[in-house]
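Subject: Structure for you to look at

Hi there,

Here is the structure I promised to send over. Have a look at it first, and then read on for my notes.

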Amino acid sequence: MDMKSLVLFNSLSGEKESFKPLIEGRIGLYVCGPTVYNDVHLGNCRTFVSFDTIFRYLIHLGYKVRYVRNITDVGHLLDDGEDRMMKGARLEQLQPMEIAQKYSNGFHQMMQVFNTLPPSIEPRATGHIIEQIEMVEAILERGFAYERNGSVYFDTIKFVEAKNPYGQLSGRIIEDLLSESRDNLKNQDEKKHPSDFALWIKASDEHIMRWNSPWSVGFPGWLLECSALSTKYLGEHFDIHGGGLDLIFPHHENELAQSTCYHGKPFVNYWLHNGYLVVNGEKMSKSLGNFFTVRQILEKYPGEAIRYAFLNTHYRQPLDWTDKGIQSAKQSLDRLYKLLEIRLS
């Protein structure tokens, strides 16, 4: 297979581009993994099946691929400022790390059901607090962040003033931005600009997940872990970063900004994003309450039929989830297996 023939749609440029790895024959691939506070839903699984297919194809082309997919077990806040892990722990009357282990195990079981290959490395956010603190210290030292009352915020205006194009990935214009980062809403008045986002958050007295830092006893911002983990395992500049379309803003836009400031060089060459799984025209989302857990669907259909249904639509396009669609996928798969039986007999 000719490696030179690979073409990717790069979200950064908004165009299809011929793929050229940084190191001949090798690829660094990072994909944003699950937040393990409850069962993974079907929309999440489409992302991981999509990038499993991309991972497999890169291997098929002959590349040696280091595939890193993180586990988020701290810092992913709800709109009211509560950490998702703490909410899961509160509802189930368990410790946050019990919740993380329980749903990490469940996630891995679902990935086996969908026959996905495991990543090369699967780091947890809580296992890399030191690396995240070091990254915050460096960004502060370089003048692209500021401390307020024990929390540290990225300074988007300083970033733009240094001739960096904030909004290059999402197409957002900084002057029009409202606060869309998932920081603690009680601390919005600490920011210099609504688009600034938290690198480190001072923990409230009731916050269980907390670590010592130079600024406060607190926890890292949700966006920070991917910059720290990808840097540790793929280097300061790597080939491909992937995730769902919903992560372009604010997650990936802010991740790109903070990583650029930390490294002082380009961060990722190709950004890939898969389309939404939609139900009745709306994105499948836990926050919207219109999601199905995988276990619910598996009561009716085998995992390989669901995977086949995912792959019947181009990964970048929205996939409308319907009973008719999954039934059609299962029937098509049954026909393929029947044909194999005939040929093998």
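Helices here are DSSP runs of H or I with at least four residues, strands are runs of E with at least two, and both are numbered from the N terminus.

Before going further, please note that this is a predicted model, in which local features need pLDDT of at least 70 and side-chain atom pairs count only at pLDDT 80 or more, while totals for chains, interfaces and linings use all residues. Residues are numbered from 1 along each chain as its sequence is written, and side-chain values use heavy atoms, with hydrogens and water left out.

Helix 2 itself spans residues 84-92, and Arg-84, Met-85, Met-86, Gly-88 and Ala-89 are buried there. Buried means under 20% relative accessible area, exposed over 50%, and partly exposed in between, with a 1.4 Å probe and protein chains only. These buried residues of helix 2 pack against helix 3 (96-113).

Now the cysteines. A disulfide is a pair of cysteine sulfur atoms within 2.5 Å, and by this rule the count is zero. Cys-32 is in no disulfide, and its nearest cysteine sulfur, that of Cys-226, is 3.8 Å away. Seen from Cys-226, that 3.8 Å to the sulfur of Cys-32 is too far for a bond. Cys-32 counts as buried at 6% relative accessibility, and Cys-226 is buried too, at 1%.

Thr-231 sits in helix 6 (residues 224-234) and is buried, with a relative accessible area of 16%. Leaving aside residues up to four places away in sequence, Thr-231 touches Met-135, Glu-236, Tyr-262 and His-263; contact means heavy atoms within 4.5 Å.

Finally, the second largest pocket. A pocket is an open set of points on a 1 Å grid over the protein atoms alone, where a 1.4 Å probe fits, with protein on both sides within 12 Å along at least five of seven lines; lining residues have an atom within 4 Å of a point. This one is lined by 17 residues, with Val-7, Leu-8, Ile-54, His-314 and Tyr-315 nearest its centre. Strand 1 (7-10), helix 1 (42-60) and helix 9 (303-311) each give two or more residues to the lining, and helix 1 gives the most, with five.

Happy to go through any of this with you.

Best wishes
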